[in-house]
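Here is my notebook on this structure, kept for anyone meeting it for the first time.

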Amino acid sequence: MSKRYFALVDCNSFFVSCERVFQPKLQGKPVVVLSNNDGCVIARSKEAKRLGIPMGAPYFKWEAFMKAEGVSVCSSNYRLYGEMSARVMEVLRGFSPRMEIYSIDEAFLDFDGIAEEQLETLAVRLRETVFKNTGIPVSVGIGVTKTLAKVANYQAKKLDTGNGVLVIPAGNRAMLEGVGVDEVWGVGRQLTPRLNRIGIKTALDLAMADPEMIKKKFTITGLMMWQELNGVVAYGIEQFPASPKSLVCSRSFRKAVVSLPELSAAMSSFIEKGMERLRKKGMAARYLTVFIATNRFDKGKFISRNIVVKLPIESSDTLKFVNIGISALEEIFEEGCVYKRAGVMFTGLVPMNEVVPDLFAKQDSEERLRLMQVIDSLNANRTVLYLAQSGKPEVAGSDREFTSPNYLTKWDEIPVVN
DNA sequence: TCTGGGGTCCTAGGACCC
DNA sequence: TCTGGGGTCCTAGGACCC
């Protein structure tokens, strides 16, 4: 019986690659993509990484440097990235009947039944197909567990294998040697120093450690990482996405907010946006959390408040949530604070059609749900209809200087070929 | 002036029950 | 003076992921 392999396909500098598909002049040049409000760097091209621009670099601190080095700057355009992601995933689906979309730019593929010596050829073909059909370059890592596939992917990029593909054969430990333990899937900022202190510096060190000790010190999650590095599957492919448990809509304000009316408008718009996403997933929520916070980077006291409201029955009605959300906000709002961030979280989620009727609680009415449907369809590609209470969309704090057009989702922004 | 946004899982400890 | 033991559920906080 041949070993079962998993592949991790990861889009290279995904957001940057998306921008490059539509702006070929950005090829081969240093490029970064900025977060909301053009706050900080969330994607970097290889060339930008080489210039030493770190992930999360605040734009205002790096602006001068980037100008001097000729770095191209893009504001983030999530609609575009979401659409490009869907296209990439569609191509990947053709390469394995079992696949897990892990994030906007990553997917695990089950390569069960593929002989070891054919893996690389298959991966190279996959890579070429994705590039041909979408213009997005990807790297492919292959191993007998997801964690090893992740390591392989990391090495494919780091070692610059030439074809963007790296296979870690079953039982091979050599590939773990040059990998810092902090690169292992599940080892983050806190675990790294703790592991280092007991002499575990590389992925190989972790793989060779005593599993009893690992379990004792790093609990079950630590043990699972150990197993996966040793080729024992602890995480399977999740083909069908589990239904979400929570949904957040939040923003930092470019200009801090002081007044209750302004904050209410922002909150109302968060609830609108969040509800729209929730309905798109066909879900309703039982709990609403409203939160507000001051600037965590400011000297002085950092204030963060939240309040949870429970509805008598699950709902997906924007208006109902806006009303209770605004009242909730009034309870936690404190005069004199300078708010920098706010948002809402929906929890207690259930599919809309599984809401259990209650004798004493009124369910969303048919008419109201139809109204929501109409609003959603009107807003499908661009927000055209919103509550007066929410104010103009930009109140919610979106300020983007370098946004690329919505090439794929807006008719009037489709690129023209002359 | 200016520092993202959206998720999941695990554990410890408290409340509560019998 | 002495003051069980076990189970479940919930929450807050920590840690991780992209």
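Entry 1: I began with K150, which is buried at a relative accessible area of 19% (buried means under 20% relative accessible area, exposed over 50%, partly exposed in between, with a 1.4 Å probe and protein chains only). Before going on, I noted that this is a predicted model, in which local features need pLDDT of at least 70 and side-chain atom pairs count only at pLDDT 80 or more, while totals for chains, interfaces and linings use all residues. I also noted that residues are numbered from 1 along each chain as its sequence is written, that chains are lettered from A and ligands numbered from 1 in the order in which they are written, and that side-chain values use heavy atoms, with hydrogens and water left out.

Which residue forms a salt bridge with K150? I found E106, with the closest N and O atoms 2.8 Å apart (a salt bridge is a side-chain nitrogen of Lys or Arg within 4 Å of a carboxyl oxygen of Asp or Glu). E106 lies in strand β6 and K150 in helix α6, so the pair ties together parts 44 residues apart in sequence (helices, H or I of at least four residues, and strands, E of at least two, are DSSP runs numbered from the N terminus). E106 counts as buried at 11% relative accessibility.

**Entry 2: other salt bridges.** I searched the whole structure and got 12 salt bridges. One of them joins D10 and K157, at 3.1 Å between the closest N and O atoms. D10 is in strand β1 and K157 in helix α6, so this pair links parts that are 147 residues apart in sequence. D10 is buried at 12% relative accessibility, while K157 is partly exposed at 36%.

I then looked at R279 and D376, whose side chains meet at 2.7 Å, N to O. Helix α10 holds R279 and helix α12 holds D376, so parts 97 residues apart in sequence are tied together. I also noted a salt-bridge network linking R4, R98 and D110.

**Entry 3: DNA strand C.** Which residues come nearest to DNA strand C? Of the 13 around it, they are E106, K150, G186, G188 and L191 (near means that a heavy atom of the residue lies within 4 Å).
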